[in-house]
Amino acid sequence: MIGSISPEMLLAILPEILLLAAVAVVFVADLLLPEQRRGSLAWITAAGLAITMLLTVFLAVPGAEAELMWGGMLRHDWLAFIFKLLFLLAALLTTLFTIGWEPVWRKGEFYVLLLTSTIGMTLMAASADLIMLFLAIETTSIPLYVMAGFMTYDDKSTESGFKYLLFGAVTTGVMLYGLSLLYGFAGTTNLYEMAAGLSAASIPGPVLVGTLFLILLGFGFKVALVPLHFWAPDVYEGAPTPVTAFLSTASKAAGFAVLVRVLLAAFPGILTDWQAIVAIAAALSMTVGNVVALTQRNIKRLLAYSSISHAGYALLGVAAASQLGVTSVVYYFLAYTVTQMAAFGVVIIAWHKLGSDEIEDYAGLSRRSPMLALAMLLAFLSLAGVPPLGGFIAKILVFAAAVDAGLVWLAFLGVLNAIVGLYYYLIVLKVVYLYPPKDEQPVPVSRPHAAALLVSILLVLILGTVLAPWYAWAAASAASLF
Amino acid sequence: MIPYILSAIVFLPILAGAVLLFLPARNRQLIYRFALAVAFLAFLLSIVVYFNFDAAGPRYQFIEKYDWLPALGISYHVGVDGITAPLVLLTGVVIFTGVIISQRIDERPREFFAFLFILASGVFGVFVSLDLFALFFFYEIAVFPMYLLIALWGWKQTREYAAMKLTLYLFIGSVVALVGALAMYFASGLGTFDMLALEGANFSAEFQNFWFPFVFFGFAVLGGIFPFHNWSPDGHVAAPTAVSMFHAGVLMKLGAFAALRVGIMLLPIGAHTHLPWIIILTLVNVVYGAFIAMVQTDFKYMIGFSSVSHMGLVTMGFATLNYNGLVGASVQMVSHGVMTALFFAVVGMVYDQAHTREIPKLGGLIRFMPFAAVAFIIAGLVSMGMPGFSGFIAEFPIFMGLWAGGYPLIAILAIISIAVTAAYILRAVSRVFFGDLPAELEGHMHDIRPSEKLALGVLCLIMITVGVYPNIILPMVQSGVNAVLALLGGA
Amino acid sequence: MADAFGNGHLLVFITLAVAALLTAFYTMRQITLTFLGAPRTQAAEHASESVRTMTAPLLVLAVFAIGAGWVGIPEHFPGLGGLLPGWFHEFVGGTLVANPEAVAFSIEPLLVSVGVALGGLTLGWLVYRKAAEADPLRKPLGAIYGLLENKYYFDELYDSLFVQPAKRLAEGFSYMFLDRQVIDGALHRVAQAGLSLGSIFRNYFDAPVVNGFGDLTGSLTQSFGRLLRKVQTGQVQQYLLFVALLAFGGLFYYLLSVLQ
Amino acid sequence: MQLITDNILALILFSPLLGGLIVMLLPSENKDLVRRAALALSLIPFILTLVAWFGFNASPEVDGFRFQQQVAWYPAINSSFHLGVDGLSLSMVLLTTLLAPAAILASFSVEEKIRSYMALFLALETGMLGVFLSLDLLLFFAFWELGLVPMYFLIDQWGSKTGERELWSGMKVSARRYASFKFMVYTMAGSLGLLLAIQMLGVVSGTFDMLALFQSWPGLTGSLFGLSVETVKAVAFWAFAIAFAIKVPVWPFHTWLPDAHTEAPTAGSMILAGVLLKLGAYGFLRLVLPLYPAEAEQYAPVLALLATAAIIFGALSAYGQTDFKRLVAYSSVNHMGFVVLGIAAAAFATGTESATIALNGAVLQMFNHGISSAAMFFLVGVIYERTHTRDLGAWGGLFPLVPVFGGLLIFSSMSSLGLPGLNGFVSEFLVVRGAWPIFTLFTALSMIGLFFTGAYILKGIASTLHGPLNEKWKGHLTDISRREVLVLAPLLVLMLWLGLWPAWLLSVINQAVVGLFG
């Protein structure tokens, strides 16, 4: 079993391999390239990511049947495949957005960290074994701690990095304790044999739920659910904006991939218990996220809280614990990632000219550069869940899943939160469109930024109108879990 | 029958809006002419739909159906029946006249017309879509243009508050109804959002009784039903002329129509249990709105509340659930739509020149804008339910429906609103148009443009033709209503 | 008068005589005042002879006035009796039911009537011959003169008894009070009630309650947001403390439920 | 020719409206053209009515309505465009089409916005004709309300410019605005009950056609809307009665009339008094009596009481007036009181010989009052145009200055007084003769009214023509012009003709009355 490495096993980890190659190339380029041509590092990383995506799409498509590989470590199925693509896309967009971000884009280390974190995430999505899972989470988190604190001269960034590290360390520790308990009870570390092991050992329900609770703490940190969301606003505000973008999209998506797989694969027995916990967490996240976002003056903190509330909406799908639920979660993250990237893209572009993240500085952006304002309009409206944009479809699917699973009260709470969300998104748009600008010059948009923004806006629109292909992907990934 | 006509009507405005955004901002004339051309085309198409609709033909005509998301049974399925054909024409007329009236918009006309057209295609979409998902899709497309139109071009004092209030009410209504729709989708077990199929789903009585209020009130919020009505006067007053014309004229009908389409037609048992107490709300709507309109000193507020009162009549017509009431309500939707559009157009013209809407500060305007004054008087007569005009043709069957539905007391109380409406309309007309010109208005009152006269003329023409020769709209409405009754009766 | 005297009704005879006297007196008063003496008013100076269309009828009437007397002279009247056939007497008497026969002629009524007539005339002429502005009889008669002048106040009586109350009734009661106050008042009160009802709806219910409720929910969520914002202190220690609490709380809860 | 006789009624009904549209198209500066065109156009319906009049066979044996015409108008609630005429409505149509040209001729002196004035006037005529001709309840109500609108604008736009009316709490509003507003809203509010009752009738019996309703409605039994049919019918009766009472006007509902008259232009008040008041009485005869025979009989005494009150208080108020036009207005209240008395008497003792007489008298009174009040109002208008005041006190002894006017004024006053030999006397006598055996007390009481009628008419004449010549008018009062005499000529001739030989009109009216009592 150890010796034989079949071509499918290689293809299963093709993205990881290619990313490693990219890391190597970046290292070498960082050493060889003279100071002034360091800029091309970003382009190299971007190229690497692009190539990885293309090859994965054409070569590494999983078959209809999901199978455990590498001795039960990885599970090559549609869920993993789609999330991998998602992470690659997010990383690509982040790299493009870092171009021109002064302290970051000339440094090779940054891109290495970025690529390693992406590798971690892809492994998280595919891991089917507790050990593998923990390793993947650490490979993702640690580079992110460093990236968050990358701007060493800016104490806000270091503070956010340090805070992120501390909070991560504690919660991962608790999670590890939970995992070990789980291993103790089940006797096996493989998720897919665990269910049989647990029922064989006839562990009393509450104890099992207790251990799951501890594990959920770890995932909760990763996904920034409400009881464990405290780190998010400070880190998002402090970290360099491209990193925040990456954090709020890719890392959150990875957290959800793992959460869904673990819950549905390992704990089908105590479904109703964890459904209750997740439902409560969803309700809290949505409400607290939206309500606090109302009062924010800083656009990054606003987007931070809004991303917490979006985590809450996605949790609705998880709480539904049905095939439609998982489909809605996957679709939700497709739409959410692209929209959040677009939103942060605009913030990044604006930051170069305005130099501040305060909302009132965005006054009259529509007069200064109508196209940028239009992009911001589409991004924020998609966040609010207004058709014809992706956010609307995502929200409808998530609410449908909740209603289908009988969680009608949760659906209504979600609906009310959508209204609060619409309020503060429209307030931002009002500032952009209505208030007179402080000065008249237009906001310059560099070519890479424009390209990245255009790609994300187009994806937002396509996700909102042409539903069929994406939905098919999401449905396939859901099927793979059941 | 021209194929794809309905899709053309729905997507023409939104595409035109997109194109508009790329026209050079400086060239106001080009932008206005382009917008006018698009609006006229939409109006033409809606006329074609209206007159090609064969009353004796099948229930739905001009049907187009394409798969959108087969996995969930979502399809882009459009078709027009007896009740929606007149409403499509109404939308066409109001968008055409609205664009003419907003020649004077000088601040960023490009964005103004773009958002207006997105709004229009949203409304067209809802009227023609036969798929529940598509209905919500188009219903909520109207959310953000409505906010931006009012917030950016509205009346300085209250535009931000009114825009936000209006959009939130509209959004609350739609999402609440959305949850209801999702519940219906799942409970039906048919796995499709197609309303024609859902009509046959005959849900359990208990399910219908639980979900009907959510769906009905979700949509009726936009129809201005009593407890949720106060966004509409604020919204109308703050909105620029064309938007308040479009909003009061068409969007409120959207709410009432959707309440009928999704609420009453898909949950008939729920309708039978809940509408008897809802009719009391509509009664309050009618009488309460009329009385408040009487005490308003602001010209636009008065018309805002008068449209609340008349919309109450529409929902009351639906609530009677019998033949007369439904026929009356459907005709009232068209008649009130045209009437309120004309009201707001004229008020807009008055405001553009007099820069005040306080009735006491206005007077003697008939000398300057006789055509607008006559048009306003005709609209006033329609609002009074004066026979010989479309108002009477619409309101009379509604009251007959009340009698037939066994609500004599409600009919008696509701009829008071007619006298009150007559009172405040006459008072306003005599003070604004016939009084003596106040000093400060001396210099700058002048007649309206010929194109604006054309717009007002078209609106008056519709009101008078429907009033004099009701059979131009009735056979169509009757066929639509019979289909609804079949559903109601059947359940 | 002859008849009354003949049948012995003395009192009637006297009243008739006095009446004839007074008639003669005031006829003469009129004649003297208008035609004789100096012209008293300005218009009187150049009063002209009456126009032809007036004099002709006067002539005709004058002839009859004189002639009519002759027809009624009864035959047994000394001198003039029997000159003209007394057909008038039979004509009138014929129509009466009881045909009264003529009274025997006697001189006293004749004398008295002639005396009274001529006496009255001369008396009138005497009194008013040089009458100036004021009427000579005013002083001697005193209060009675006033009474006579005002025609025993009958007109005033009718006026105050019938015309004024009718006017008051008509204008005061029926029009001003009944129409203006009562009915129009009622209409105006209905209009006022309508207007106040409208303002009550608007100012006491629509604005405060319905709008209020909408704005209340808005501000409530806003304040709730501000409250939660304060929880976000920024110290990591507090966050980690919260995580620890959560972990132990969870564990404790589940272990407890296991022991049950 | 066949085309005309087939749908004569539709032609009569819409020719004024068409005329109005034509007038609107004429150039507005050329005032004379507009005036002559309006006059000519208003003569067309008059000629058509004469054609109908002579084609109308008045023998009571031939039952039902003549010249009937029915076209589908609003099938959704099965109401149709159904026209028809009987003796009663034909006489009213004749009155309308007669007075309209006279009124238009009278308004030749109107100067501003003459074109819209004439158009509104002709539209008003169509509104009134519609009420008399329609045999469909919905159509009846449509024209009933439609007639209000032109009248409202005539009063509001061309009414007398001066005059203030103080409302509550010191709020002042110009008199003509107040009057037109009150006229419109009062009548509309009143006819809300009528609207409700018509709807109820439409829903219960499924059709709006009067002929069908006359058959099915009175005989209806059982319960309606949870109430016994009797109570529902009683409520519906009062709904109808109040709406028509306001229009007639019957006593408590009459306060709009004097305001409307004093503020209306001369021609406006001619038509208002001449025809509009007859709509109410016509409503009683056409709808209330046939539809609610039992209730009519039951509540006839109440109606008679109100009629007597109208007669007495009308006369009293008229006597108390200082404004000549308001005096004539109240005289209309008084005269219309007789009409209502006649109707009430007929309703109380239907079928008896004196009831027929009373009803004939009432209808004739409607016709006569139409003529005499129109003449009176015109004469007041003539004097007003010359002296620009209507205050009786301001005139005095004008006879020598305007002898012809004086003569005509006395002639028409005598007619409205009810001098035997003129038309007023015939109808009042018939009404009194008919009502006496039925409502002896009320008729007796109304004699007081008659007494005061004489009082106020003479007061009117005396204070204008007799008494000391008011020096103010000495130099510049021109006598009545040829055109103005031409206006009065037909009316005066009719007054005399009807006074001496009313048989030609009475036979037509009698056909309807006999038909009414079936």
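A residue is called buried if 20 or more other C-beta atoms lie within 10 Å of its own, exposed if 12 or fewer do, and partly exposed in between, with C-beta atoms placed from the backbone. The legends below describe a predicted model, in which local features need pLDDT of at least 70 and side-chain atom pairs count only at pLDDT 80 or more, while totals for chains, interfaces and linings use all residues. Residues are numbered from 1 along each chain as its sequence is written, and chains are lettered from A, with ligands numbered from 1, in the order in which they are written.

View 1. Leaving aside neighbours within four places in sequence, Ala311(A) is in contact with Val223(A), Ala224(A), Leu225(A), Lys252(A) and Ser285(A), where contact requires C-beta atoms, placed from the backbone, to lie within 7 Å. Ser40(A), 271 residues apart from Ala311(A) along the chain, has its C-alpha atom 35 Å from that of Ala311(A).

**View 2. Chain A as a whole.** The secondary structure of chain A comprises 21 helices and two strands. Its radius of gyration of 21 Å is close to the 23 Å that the globule rule gives for 482 residues, so chain A is as compact as a globular protein of that length (the radius is taken over C-alpha atoms, and the rule is 2.2 Å times the number of residues to the power 0.38). Along its principal axes the C-alpha trace spans about 70 × 55 × 45 Å, and buried residues make up 63% of the 482 residues in the chain.

View 3. Domain 1 (1-265) and domain 2 (270-482) are given by the domain assignment of chain A, the bounds coming from an automatic or database assignment, and their centres, taken over C-alpha atoms, are separated by 22 Å. The contact takes 44 residues from domain 1 and 43 residues from domain 2. On the side of domain 1 that touches domain 2, the largest share, 15 residues, comes from H12(A). That side of domain 1 divides into 32 nonpolar, eight polar and four charged residues, counting Ala, Val, Leu, Ile, Met, Phe, Trp, Tyr, Cys and Pro as nonpolar, Asp, Glu, Lys and Arg as charged, and the others, Gly among them, as polar.

**View 4. Contact between chains B and D.** Chain B contributes 29 residues and chain D 24 residues to this contact. H17(B) gives the most to the side of chain B that touches chain D, with twelve residues, and by class this side has 23 nonpolar, five polar and one charged residues.

**View 5. Contact between chains C and A.** This contact takes 22 residues from chain C and 26 residues from chain A. Helix H9 (154-231) and helix H10 (236-259) of chain C are the elements that give two or more residues to the side of chain C that touches chain A, and the largest share of that side, 13 residues, comes from H10(C).

Note on methods:
Contact = placed C-beta atoms within 7 Å. Helix = DSSP H or I, 4+ residues; strand = E, 2+ residues; numbered from the N terminus.
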